[in-house]
Amino acid sequence: MEQKSHTVVRYTTLDDLDKVLSIYDYARHRMKESGNPNQWIDGYPSKEIVTEDINRRSSLVIEINGEIAGVFTFFIGEDPTYNKIYGEWLNNKPYGTIHRIASAPEAKGVADICLDYCTASGYEIRIDTHEDNAPMLGWIRSRGFQYCGIIHCANGTPRLAFQLQNNNIHPKL
């Protein structure tokens, strides 16, 4: 008999910080291995950034059977890096942004769990990634996101930007 897993998405706490930082370390390693050495450089996301995300209640962890399997940032509202796009957003509806998604080494399905959580908010969903991040680009495209153009991060580096129109009319978060 197959045992069913128990999945919880919850806000990250400061007690989770070491585990979350180790997941981000692993993600940087995997990015380099997959031909994407330039996206998360110089220790990004740093302990300070993750702590700020935790304090703003925009960092979430995915627990599977009581173990942290993944982490992501999701916040609703205007993302300053998305104000200027070389291209065009699908619409100007209120949106939530997914950033800094990463999974633990043995974890499976973290990105889909994240997306299910975020779409349940009822808001449009925006996301961006580096042009060399082939695994993430494949996932983004396979989940119905539409390419909208190029945005620039705070440090000036370009990212491919996407939007998912959300048919949930009433925001739930």
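Reader: Which residue forms a salt bridge with R10, and how far apart are the closest N and O atoms?

Author: A word on the source comes before the case: this is a predicted model, and the values discussed here are computed from it. The partner of R10 is D16, and the closest N and O atoms of the two are 2.7 Å apart.

Reader: Which parts are tied together by the pair R143 and D112?

Author: Here the general idea is to ask where each partner sits along the chain. R143 forms a salt bridge with D112, with 2.6 Å between the closest N and O atoms. Because R143 lies in the loop between α4 and β7 (146-152) while D112 belongs to helix α3, the pair ties together parts that are 31 residues apart in sequence. Both partners are partly exposed, R143 with a relative accessible area of 33% and D112 with 29%. Elsewhere, salt bridges that share partners join E52, D53, R56 and R100 into one network.

Reader: D53 makes me curious about α2; which of its residues are buried, and which are exposed on the face turned away?

Author: To read a helix of this kind, one looks down its axis and asks where the buried residues fall. In α2 the buried residues are V50, D53 and I54. They cover an arc of only 100° around the axis, and therefore lie on the same side of α2. The face turned away from that buried side carries the exposed residues E48 and N55. As for what the buried residues touch, they pack against α1, β2, β3 and β5.

Reader: What follows α2, and which other residue has a positive phi although it is not a glycine?

Author: After α2 comes R57, whose phi is positive, near 60°, although R57 is not a glycine. R57 is placed in the loop between α2 and β2 (59-64). The other case is N65, again not a glycine, with a positive phi of about 55°, and N65 is found in the loop between β2 and β3 (67-76).

Reader: How should I read α4, and where do its buried residues lie?

Author: The reading is again down the axis. In α4 the buried residues are M136, L137, W139 and I140. Seen down the axis they fall within an arc of 165°, so they line one face of the helix. Their packing partners are β5, α3, β6 and β8 (158-164). α4 is followed by G144, whose phi is positive, near 90°.

Reader: How many of the residues of α3 are buried?

Author: Seven of its 10 residues are buried, so α3 is largely enclosed by the rest of the structure. The buried residues are V110, A111, I113, C114, L115, C118 and T119. In the loop between α3 and β6 sits Y123, which at 18% relative accessibility counts as buried. Y123 and T97 are 26 residues apart in sequence, and their C-alpha atoms are 9.4 Å apart in space.

Reader: How much space lies in the largest pocket, and which element gives the most to its lining?

Author: The largest pocket holds about 1,300 Å³ of space. Its lining is made of 44 residues, and the closest to its centre are M31, Q39, W40, R100 and I101. The elements giving two or more residues to the lining are α1 (17-33), α2 (47-55), β5 (95-103), α3 (110-119), β6 (124-129) and α4 (134-142). β5 gives the most, with six residues. By class, the lining has 24 nonpolar, nine polar and 11 charged residues.

Key. Residues numbered from 1 in each chain as written. Predicted model: local features only at pLDDT ≥ 70, side-chain atom pairs only at ≥ 80, totals over all residues. Heavy atoms only, no water. 1 Å grid on protein atoms, 1.4 Å probe; cavity = no way out; pocket = protein on both sides within 12 Å on 5 of 7 lines; lining within 4 Å. Points joined across faces, edges and corners; volume = space filled by probe spheres on them. Helix = DSSP H or I, 4+ residues; strand = E, 2+ residues; numbered from the N terminus. Nonpolar A, V, L, I, M, F, W, Y, C, P; charged D, E, K, R; others polar. Buried < 20%, exposed > 50% of the residue type's maximum accessible area, 1.4 Å probe, protein only. Arc of directions from axis to C-beta. Contact = heavy atoms within 4.5 Å. Salt bridge = Lys/Arg side-chain N within 4 Å of Asp/Glu carboxyl O.
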